[in-house]
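Please look over the sequence and the three-dimensional structure shown below before reading on. The paragraphs that follow go through a few parts of it in turn.

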Amino acid sequence: MQKIFKLLAQELHIKQEQVEATVRLLDEGNTMPFIARYRKEVTDSLDEEQIRTLAERLAYLRNLEQRRQDILESIREQKKLSPELERAILAADKLQNLEDLYLPYRPKRRTRAQIARENGLEPLALLIQSQKQAKIQPEQLAQPYLSEALPTLEDIWQGACDIVAENIADSADIRKLLRQELWRQGELLSTLIVEGKEALEFLHYKAYQEAVRQLPPHRILALNRGEAKKILKITLQCPDESILRHLAAKLQLQPQSSLYSYYRTALEDSYKRLLLPSIEREIRNELTATAEKQAIHVFAANLRQLLLTPPISGHVVLGMDPGYRNGCKSAVIDSYGRVLTTTIFYLTGSTHQQEQAEERFAQLLRQYPISLIAIGNGTASYETEQFTAKMLEKYHFQTSYLIVSEAGASVYSASKLAHEEMPELDVSLRGAVSIARRVQDPLAELVKIEPKAIGVGQYQHDVNQKELTQTLGNVVESCVNHVGVELNNASPALLSYVAGISSTVAKNIIAYRDEHGAFTSRRELLKVPRLGPATFTQCAGFLRINHASNPLDNTSVHPESYALAKQLIQALGYQLDQCQTKELQEAAAQADPVLLAQKLQAGLPTVTDILEALTRPGRDPREDAPAPLTRRHVAKLSDLLIGSTIKGKVQNIVDFGAFVDIGLKSAGFIHISELSTKFVRHPLDVLAVGDIIEAEIISIDETRNRIGLSLKRLGK
């Protein structure tokens, strides 16, 4: 473990003491949000991302060490562990290197080489590899091996060459060299093997060729998808003769040897039959793993921004779930998310239905104090937006609307959770409620949906689903604990993402709340079944109770620090019951944490965090983000002019650019080359989902409904 600690410290550029302390906390079962927020003195203020990176790398290194021991034990049992091999195994720093070293000793299926060994041809194979000048002719060398299983000299030499070929393929040095050469010189080729409509998506790759080392992640995933759909054929092309020369030089083949031709034949066979297919699979797998990691990273970054979208509180909202034949399902909810009424507008039906829709819409806005309209961005969204804008103008309603992602709304509507929350509503109407609530509190509503169904990112269906689910789950957990959860109105879905709380405990909290009424203190959580002291320690700081008897229960101050918080408040000249006063908040903002930490003999990070909590008690960190973009008028493609500036909201970010909602049926697109006058490594370095931006229109393609945008021409 000391070796692992040292390596982690070097890789993460932190002190070994930080590594050891963090690993100890993780091994004790502490959650990452808890460690990052409430154990800063122990970890020397490592943030959550650093802790997660450390945990992932720790798992890899522990797995590597376990595999190392398993391999050493296996080779020892075979009585083939030489001091040189043991040193090489102990020095291997990657699983790939370990597996290469173990390959000659790994139990194999019955290969051609294995059969040849069973027929006694290993001495002849070793003679070929020794490259000693034979004193007798090859024909005479092979004569002693003639048998019923090897009736001809050709069979004998073929069997011996099979053994040599396998020995070459099992060589760690040879595999390393070939791997390097293929990365350096290999090219991936794609050809279209299917014509017609289904191939349209992949026409760009009809006869495509690119160096392996230059392939961008999104292109790798696109090629993989085409191959999986049996539309593309993908092959790895490489300069065979050049690589064979490198391999021959590595093996030090000697043309003057009388057995050179057999060694050369075995090398060529090993390269084409054993090595190339194996290393090609490795390279394709590595390309895919890298591409998937990047795609998951982009998805996670986009999801985080979407979840941290600022809530628009205090509004009565009309949620509209657009549709053609089945109408636009709509729901009015009050400022607490409670359903006031539901209806269906048939906006694209008969003239009579459209007149009814207008009448009902106007009636709703007169009957209820609707101050915001949320329109889902799915099918018929544009028509619904046109209708809404027309109605607002026609009847002079002082109401704005905004377009909301409805990804996952249908999945949620049919879920058990939705049924429990809205048993009286039809499945089709629950989606409209969800769309409206996404405006009031995006995080609280979106956690009810499987993260990968939320619909931001790229190629999410083409990546490792287990890794995607785990990563996105981590993002949701991080966001929920970053924001904090109001204990008395949180759903079980939201509570289950709080550090330390399982789905079972979340349901128990809801059951306790239903039976005993609202929680009045954090300590009351200890009365919840299966929520013991250990779980309480992990979760308490992330749960808020508005109007609690102890005002600290509505802050991010952990109960274990309440005594310190009281001392700190007194040191500022105030009492605990003055937490909500402006005077105390200003005093906390102006206080010197260093002096207070020294005076109270407390840790500086904890004192700093307590002061911040006292400065803005009950603060929602999402308040610091830009507010969502609302509209009153609908834009038309024909209204746009190249060279003009347009305002929009970043919808999604991918490796090659960003999609922007500019109020049209089709999103505008900013290619990575148009993001800045400076070099941009990735769009995430410049933009985030939810950003409100102004961009210049640089291209309009009406036939394909595509609008090209640029930031760099505005001096970004």
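The residues that line the second largest pocket divide into 15 nonpolar, 14 polar and 16 charged. This pocket, in what is a predicted model, has a volume of about 1600 Å³, and its lining is made up of 45 residues, of which Asp441, Ala444, Glu486, Asn489 and Ala490 lie nearest the centre. The elements that give two or more residues to this lining are the helices α19 (416-421), α20 (427-440), α21 (442-446), α23 (492-495) and α24 (503-516), together with the strand β9 (485-486).

From the pocket we can turn to a sheet. Strands of a sheet pair through backbone hydrogen bonds, and they may do so either parallel or antiparallel. In this model, an open sheet of five strands has the order β6-β5-β4-β7-β8, and its pairing is mixed. At its edges stand β6 (339-345) and β8 (400-404), each of which pairs on one side only, while neighbouring strands of the sheet are turned by 20° against each other on average, if direction is ignored.

Which strands does helix α16 lie across? Helix α16, formed by residues 351-367, lies across β4, β5, β6 and β7 (370-376), and it runs at about 165° to β6. Helix α17 (residues 381-394) also packs on the sheet, where it touches β4, β5, β7 and β8, and its direction makes about 160° with that of β7.

Two single residues complete the tour. Phenylalanine 202 lies in the loop between β1 (187-192) and β2 (207-211), and because its relative accessible area is 1%, which is under the limit of 20%, phenylalanine 202 counts as buried. Leaving aside residues up to four places away in sequence, phenylalanine 202 touches Leu192, Ala222, Arg225, Gly226, Lys229, Ile231 and Leu232. Phenylalanine 202 and leucine 232 are 30 residues apart in sequence, and in space they are 7.8 Å apart from C-alpha to C-alpha.

Is arginine 284, in turn, buried or exposed? This residue has its place in helix α15 (residues 260-307), and since its relative accessibility is 14%, again under 20%, arginine 284 counts as buried. Not counting residues up to four places away in sequence, arginine 284 touches Leu188, Asn224, Glu227 and Ile234.

Note on methods: Residues numbered from 1 in each chain as written. Predicted model: local features only at pLDDT ≥ 70, side-chain atom pairs only at ≥ 80, totals over all residues. Heavy atoms only, no water. Pairing = 2+ DSSP bridges. Helix = DSSP H or I, 4+ residues; strand = E, 2+ residues; numbered from the N terminus. Axes fitted to C-alpha atoms, helices over the stretch in contact; angles between N-to-C directions. Contact = heavy atoms within 4.5 Å. 1 Å grid on protein atoms, 1.4 Å probe; cavity = no way out; pocket = protein on both sides within 12 Å on 5 of 7 lines; lining within 4 Å. Points joined across faces, edges and corners; volume = space filled by probe spheres on them. Nonpolar A, V, L, I, M, F, W, Y, C, P; charged D, E, K, R; others polar. Buried < 20%, exposed > 50% of the residue type's maximum accessible area, 1.4 Å probe, protein only.
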